[in-house]
Amino acid sequence: MYCFGKFTIVKAEPVPDAEPVTAGSSEPYLIAGTRARSVRITFKLDGVSSAAAKALRATPNVLRPGSMLPANYGVEKTVVALLPEKIDNFQVYP
């Protein structure tokens with residue numbers, strides 16, 4: 001649970017022509033030197049109360065730069081992420 005709502009993964013699919021890569025220092029959440037693949041993840045943020053969304057629209061300066069804006073709550077968004085081939089290669093605390 002996120003502090004304002006809940007992230008729901010709608011779907012996750014491999015990027016069709018992406019080749020496996022070796023994780024490096026630019027992927028701090030992966031153990032360096034392990035194999036990873038690009039995955040397209042579609043998600044949305046649900047369950048944000050209308051009062052919280054209204055307050056954030058009124059004072060957008062409280063959101064960090066790059067944060068999801070209230071207008072995008074409940075809207076499906078797609079990102080491409082590099083994920084490890086083995087879950088054991090995911091590094092929670094870099």
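Colleague: Happy to look at this predicted model with you. How many aromatic pairs does the count come to?

Modeller: Good place to start, and since the model is predicted, side-chain atom pairs count only at pLDDT 80 or more. Rings pair if their centres lie within 6.5 Å. By this rule the count is 2 aromatic pairs.

Colleague: Is the pair of phenylalanine 7 and phenylalanine 43 stacked, edge-to-face or tilted?

Modeller: The ring centres of phenylalanine 7 and phenylalanine 43 are 5.8 Å apart, with the planes at 55°. The pair joins strand β1 (residues 6-14) to strand β3 (residues 35-46), across 36 residues. Planes under 30 degrees apart would be stacked and over 60 edge-to-face, so the pair is tilted.

Colleague: And phenylalanine 43, is that buried or exposed?

Modeller: Buried means under 20% relative accessible area. Phenylalanine 43 has 15%, so phenylalanine 43 is buried.

Colleague: Thanks! How many residues apart in sequence are tyrosine 29 and phenylalanine 90?

Modeller: Tyrosine 29 and phenylalanine 90 form a tilted aromatic pair, 6.3 Å centre to centre with 45° between the planes. Tyrosine 29 lies in the loop between β2 (21-22) and β3, while phenylalanine 90 is in the segment after β4, so the pair ties together parts whose separation in sequence is 61 residues.

Colleague: Which residues are linked with Glu85 in a network of salt bridges?

Modeller: Glutamate 85 forms a salt bridge with arginine 35, with the closest N and O atoms 3.2 Å apart. Glutamate 85 lies in the segment after β4 and arginine 35 in strand β3, so this pair ties together parts 50 residues apart in sequence. The network links Glu85 with Arg35 and Arg37.

Colleague: One last one: is arginine 57 buried or exposed?

Modeller: Arginine 57 sits in helix α1 (residues 50-58). The cut-off for exposed is over 50%. Arginine 57 has 51% relative accessibility, so arginine 57 counts as exposed.

Terms used
Residues are numbered from 1 along each chain as its sequence is written. This is a predicted model: local features need pLDDT of at least 70, side-chain atom pairs count only at pLDDT 80 or more; totals for chains, interfaces and linings use all residues. Side-chain values use heavy atoms; hydrogens and water are left out. Helices (H or I, at least four residues) and strands (E, at least two) are DSSP runs, numbered from the N terminus. Buried means under 20% relative accessible area, exposed over 50%, partly exposed in between (1.4 Å probe, protein chains only). Rings of Phe, Tyr and Trp (its six-membered ring) pair if their centres lie within 6.5 Å; planes under 30 degrees apart count as stacked, over 60 as edge-to-face and the rest as tilted. A salt bridge is a side-chain nitrogen of Lys or Arg within 4 Å of a carboxyl oxygen of Asp or Glu.
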